[in-house]
Amino acid sequence: MSVDKAFRDMIRNEIEVQLKPLRDVVSRLESGTADLDALRNVAERLAPLAEVVGPLFGAQLPAAKPGRKAVGRPAAAARGAVSAAAPVGGKRRGRKPAAAAADGSRACAIVGCGKPSRTKGYCAAHYQKLRMLEKTNRRPSAWVDYAPADSVEDIKLPRGRAASKALAAAAQAANG
């Protein structure tokens with residue numbers, strides 16, 4: 001019994017030590033919210049005076065009542081300043097078509113593709129095809145890494161049953 005009680009006291013003391021900084025922060029936050037409530041009350045009491053004196057000093061009145069948050073999107077005038085700085089149609093992602101040729105990049109290695117190369121000399125679509133061909137051990141010898149532009153003939157992959165037969169044949173060739 002005494003070992004159990006000593007163990008519980010030890011755990012309780014350790015928890016108290018670990019929670020003390022958290023309790024201090026919570027008490028400071030509670031005192032801060034009290035200060036914020038006092039400031040809000042002062043602002044609400046001064047609101048009628050601000051409505052009368054504000055226009056004399058060039059202050060604009062808020063559109064909503066004090067203490068209430070406006071609902072919905074901001075007015076068109078407020079949005080106009082933000083949208084004037086942003087490009088039309090939002091932020092563009094990816095490589096710009098005109099910049100692809102200007103920065104020295106080349107076209108895809110597949111004959112007739114014409115898209116800019118992204119990885120190992122192939123465009124994104126043909127690189128995915130290359131990865132799939134490597135994964136299934138069907139990569140043609142002409143499909144080399146960093147091939148020159150328009151130098152590799154594209155292959156047409158079989159679909160459906162023919163694809164499963166081709167995969168089985170490739171697996172047998174790899175094992176045999």
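**Exercise 1.** Which residue's side chain meets that of K129 in a salt bridge?

*Solution.* The model is predicted: local features need pLDDT of at least 70 and side-chain atom pairs count only at pLDDT 80 or more, while totals for chains, interfaces and linings use all residues. Residues are numbered from 1 along each chain as its sequence is written, and side-chain values use heavy atoms, with hydrogens and water left out.

Step 1. Apply the criterion for a salt bridge: a side-chain nitrogen of Lys or Arg within 4 Å of a carboxyl oxygen of Asp or Glu.
Step 2. The partner of K129 is D154, at 2.9 Å from N to O.
Step 3. This pair links distant parts of the chain, 25 residues apart: K129 is in helix 4, D154 in the loop between helix 4 and helix 5 (161–175). Helices are DSSP runs (H or I, at least four residues), numbered from the N terminus.

**Exercise 2.** Why are D37 and R40 separated by about one helical turn?

*Solution.* Step 1. D37 and R40 form a salt bridge, with closest N and O atoms 3.0 Å apart.
Step 1. The two are three residues apart in helix 1 (residues 2–53), so about one helical turn separates them.
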